[in-house]
Amino acid sequence: MRNLGHIIILSIVFVICNPFIGYSQTKTYSAKEALALFKEGNYTEAEVAYEQILQRYDREAKYNYYYGICLIQNNNDLSQAVKRLKYAALKGVSRDAYYYLGRAYQLTYRFDDAINQYNRFLKYASSSDIRNDKAELYIAQSEVGRQHSAKIYHFDVYSRDAVNNDAILTAYNPAKDVGKVVHNEAFFESGVDPKGVLYLTERGDEVYFSKGNELNGHDLYKMEKLLDGWSENMALDGVNSEYSDRYPFVVIDGSTIYFSSDRPGGLGGYDLYKAQYDSERKAFSDPVNLGIPFNSPKDDYLFVVDEFNQLAWFTSNRETNDSTAIVYTLKWDDSVVKNLVTDMNDVNTQAAMYLSGKQLTAEQANAIGGSVKNEQKAKFHFMVADTLEYSQFEHFKSDEARRLFEEGMNLSMRKDSLSGLMREKRQQYARTNSETQQSMLVNDILSMEKKVYGLDEKIERSFYHARSVEQAKIKELVAAGTYTSNSQVKIEKNNKSSFEDILIPDNFIFHTDEEFAAHLAELEVMYQKVFESHEIDKLHHADSLYVWGNILTLEASKMLEEANSAPEETESIINAVIRKKDSVDEESLTAQHVAQSKELKLTALKLYHESLNRKFEIYEERLKQVVIGHPTRDLEALDQARAESKEYFRKAMDMIDPINGFDMDRYERSGAIKRSGVKVQEAGLVQYAETIGENESVESEVKSTVPKTYQELQGFEAVEEKSPKELVEDAFKTKATKQLVYKIQIGVFKNEPNAGAVAKIPEVSKVEIPDRGLTKYFSGKYKSYAEAQKDLQRVQSAGFSGAFVVVFENGQQINLTDELKK
């Protein structure tokens, strides 16, 4: 529909006891329920359902397909929609995937890719498919987008305000001399939409507005003030089209009009246009599309210019749902010009309208009733490293790091705005007694709640990547000898060695004492049940770093002991590995040992902190997924573990705040507090792992063929039919007696497994793997799978945490199917 103010989304009316708790927190969905929601058009809840299902079956093509469509319908995480739909199209889940993948590409400004996918859809679509016309329309829009992508505007964005659609004018603050932008009801008593928007000139002698036409669209009109009233409506010839033209604004000299229209030739939805007034013809020239980033494939409207303060505003729903929009405040002066595009990624970046990091001038802020901060004051506090903090955008050495950081800040502001809107919706819910209104508000609350939750991870990811890119840039500058530190950057130089200087390979086997080995064995059982293989590799490496920290701590203590004696002038093997070069200083051997001891102790502490930071991040992510992914289970203990561990880490980080300078003792105490937080996480995860079945893990998934037909897509299994001849032969075929033996495979080793551990388990047998120098080792012989399962825990507890049951038929190892388990 062309009427922007009356966009309708089909949704299912429902009532829940607590409207402020999302479905993801109260219900576990089946695939059948998710599909029913999807078919009903309840994409908000369907998105939640499929996201939950994909946590278990991430490679199931049809779930990716439906989830991707939901993301598009909800205008949520479009880059994820591209990923999911691309996978579904690759797997051949449905030819319709080309259509939706094209839409995802279009909404992310990848117009060439969008056109290709739409054409693929049209190639296979039936002539009666109702989406054919839309695909043709979207191709035309993408062609326009491709043309506008060659040159785009660059400007500074000062603010982004998320508001309800009926409150967008509250975010506009032009100077009084510009004129008034108000709702129709402030000027007209009847005859027009009271919530429509009009422009009244600064003199109050002309008014520009839109009015509905016979084609269910809108036309633009003008009225002039006369001595005894107002003139008749005068249509703006040359500006109006056969489509919907709305939201007029005229600059102070009357030479230019800005308005919005959904006419053909735009990028999609409502686009912003401008037209120049020709005084000789007494008419406006042909309107010109403002292009990217003013326009997007969604709705962009109400462009207002304040030439006195060099500001402009416009509204868009390119990154919101249909009940809210974002009003952008931007710099508007002679510097706003089009530039050639050399990198297509720049199109998407500019269209995202990220904050520039620049502030309004004092004059601008005063003019619109705001305030401006002292430029010397900290705008933010961003820890680039343990001893390096930025507080100004100018501190960044890497443009890419700054962009990523700004992206994170913009996401944070968007989260704050959505949180504020969500509070407003909840207050509205509390004030109304209408069930229909309550149901609509619940839908809005759930949608916002979902987006707010999803933003947390994106914010953390943006800041993490910004930190990594900036650190890499600093290292590059240091290596080139061109690094200079801004005087306002907080930096502590006492810490001479860095974690990257420690020569420890990513993959190695460590050895440690029995007590710590037992602890690691307990963790290994939890790792295998709770984490995926790539996460387990990271956890193993983090454990290795911790062990190396222990070794270096012992080595540091040994150095101090030797400082009081007459040690040989040699270094230990560990110290030789850690130190990057030999050095002979003009000082006593005792002083050398003391210095070496301190260096090793500091390196050990760095290893501890790095290990704990990595584990905390991995554990926190898994705890969050477990709690959200199992809403029907009582996981209050895990929630408590998350809160408690975060508090430990907050205290630890406060202790090593660079503003306090570097202190070895404080750094060590901070590590101990982090360790307490990680222990709380591990205790919760170990407890959770005990509730998981023997053969369950996060990597278990549904193994099914990729559906190719409608029946398969809807869940019907294809059955291979046999000929009558084959059925008769199968019925009279003599079946050989199966000789099945079940064993427990304890591992594949190059050398003999630990003799002490082997002594604790049933009889061990082995099978050599030809030409590889490896041997498979097995424990026990059992007549049934159930019998082997009884001994599995005993074998795992003996030190073979990765042990599992296998089966042999007539002496040959075969696949352990569900049938053989029974």
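Student: Two strands count as paired if DSSP finds at least two bridges between them. How many bridges join β21 to β24?

Tutor: There are 6 bridges between β21 (residues 740-749) and β24 (residues 804-809), and the two strands run antiparallel. Strands here are DSSP runs of E, at least two residues long, and helices are runs of H or I of at least four, both numbered from the N terminus. The model is predicted, so local features need pLDDT of at least 70 and side-chain atom pairs pLDDT 80 or more, while totals for chains, interfaces and linings use all residues. Residues are numbered from 1 along each chain as its sequence is written, and side-chain values use heavy atoms, leaving out hydrogens and water.

Student: What stands opposite Val741?

Tutor: Phe808, in β24.

Student: And what is the strand order in that open sheet of 5 strands?

Tutor: The order is β22-β23-β21-β24-β25, with antiparallel pairing. β22 (764-769) and β25 (812-814) are the edge strands; each has a single partner, so one side of each lacks a neighbour in the sheet. Neighbouring strands are turned by 45° against each other on average, direction ignored. Such angles are taken between N-to-C directions, from 0 to 180 degrees, using lines fitted to C-alpha atoms, for helices over the stretch in contact.

Student: Which helix packs on the sheet?

Tutor: Helix α21 (residues 785-797), which touches β21, β23 (774-782) and β24, with its direction at about 25° to that of β21. Contact means heavy atoms within 4.5 Å.

Student: Different region. What is the order in the open sheet of 4 strands?

Tutor: β2-β16-β15-β14, with antiparallel pairing. β2 (157-164) and β14 (300-306) are at the edges, each pairing on one side only. The twist averages 15° from one strand to the next. In β14, joined to β15 (residues 311-316) by 5 bridges, Tyr301 stands opposite Thr315.

Student: Which helix lies across β2 and β16?

Tutor: Helix α10 (residues 399-431), running at about 20° to β2.

Student: Where is Pro293, and what is its peptide bond from Ile292 like, cis or trans?

Tutor: Pro293 is in the loop between β13 (288-289) and β14. The bond from Ile292 to Pro293 is cis, with omega near 10°.

Student: Which residues touch the most other members in the largest nonpolar core?

Tutor: Phe249, Phe294, Leu302, Phe303 and Trp332, in a core of 59 residues. A nonpolar core is a set of buried Ala, Val, Leu, Ile, Met, Phe, Trp, Tyr and Cys residues joined through side-chain atoms within 4.5 Å. Buried means under 20% relative accessible area, exposed over 50%, and partly exposed in between, with a 1.4 Å probe and protein chains only. Leaving aside residues up to four places away in sequence, Phe294 touches residues including Tyr153, Leu272, Arg318 and Trp332. A second, separate core has 41 residues, among them Leu35 and Tyr138.

Student: Tyr247 has a positive phi. Is Tyr247 buried or exposed?

Tutor: Tyr247 counts as buried because its relative accessibility is 10%. Tyr247 is in strand β9 (residues 245-250), and its phi is about 55°.

Student: And Lys282, buried or exposed?

Tutor: Lys282 is exposed, with a relative accessible area of 64%. Lys282 also has a positive phi of about 55° and sits in the loop between β11 (271-278) and β12 (283-284).
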